Amino acid sequence: MKYPTITAVMVTLGRLDLVQESYACFKAQTYPNKKLLIVNDGGKKEHEALKKMVRFDRDLMVLHVEDRKTLGELRNLSIEYAPSDLTIQWDDDDWYGPHYLERCAEHLATHELIGERPARYYNVKTRHWRVFQNTYHAS
């Protein structure tokens, strides 16, 4: 079976603790042909820490943005730099199950755009789930 490359794009404001958790979710993915592009809008200290992570993982890329941009501009930039045709949004403050990219690839094989409906959110502090019936947009 052919597995097209999927690039997960993550925008962060140097939130290294969250990035590390989200990166662990990315590494646990069962989909074999994946890349993670982190767009860092944080400081140089955070960028140096992210660069160290890149040295040990050929599937990880980091782009440091010096000047402040809006979240929308940063997401557009991440899509522009993504090295593959399939791009998935990957939030730094979300957890993803190990089959997330695999399911996305299955759906993208027959659909141009995919999103979450209903959206499920888990609050780590309170240990409660919430489900939102999302009828207006993907997330």
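The model is predicted: local features need pLDDT of at least 70 and side-chain atom pairs count only at pLDDT 80 or more, while totals for chains, interfaces and linings use all residues. Residues are numbered from 1 along each chain as its sequence is written, and side-chain values use heavy atoms, with hydrogens and water left out.

**Nonpolar cores**

- The largest nonpolar core has 21 residues; a nonpolar core is a set of buried Ala, Val, Leu, Ile, Met, Phe, Trp, Tyr and Cys residues joined through side-chain atoms within 4.5 Å.
- Buried means under 20% relative accessible area, exposed over 50%, and partly exposed in between (1.4 Å probe, protein chains only).
- Ile-6, Leu-36, Ile-38, Trp-90 and Leu-101 have the most contacts inside this largest core.
- At least two residues of this core come from each of β1 (6-12), α1 (16-27), β2 (34-40), α2 (44-55), β4 (86-89) and α4 (100-108).
- Helices (H or I, at least four residues) and strands (E, at least two) are DSSP runs, numbered from the N terminus.
- A second, separate core has nine residues, including Val-9, Val-11, Leu-37 and Val-39.

**Helix α2**

- From first C-alpha to last, the twelve residues of α2 reach 17 Å, close to the 16 Å expected at 1.5 Å a residue (the expected span is 1.5 Å times one less than the number of residues).
- His-47, Leu-50 and Met-53 are the buried residues of α2.
- Exposed Lys-44, Lys-45 and Arg-55 are carried on the face of α2 turned away from its buried side.
- The cover over the buried residues of α2 includes α1, β2 and β3 (60-64).

**Aromatic residues**

- The whole structure holds five aromatic pairs; rings of Phe, Tyr and Trp (its six-membered ring) pair if their centres lie within 6.5 Å, and planes under 30 degrees apart count as stacked, over 60 as edge-to-face and the rest as tilted.
- Trp-90 and Tyr-96 are stacked, at 3.9 Å centre to centre and 20° between the planes.
- Tyr-96 and Tyr-100 form a tilted pair, with 4.8 Å centre to centre and 55° between the planes.
- Tyr-96 is buried, with a relative accessible area of 11%, whereas Tyr-100 is partly exposed at 24%.
- One aromatic cluster is formed by Phe-26, Trp-90, Tyr-96 and Tyr-100.

Technical notes. Contact means heavy atoms within 4.5 Å.
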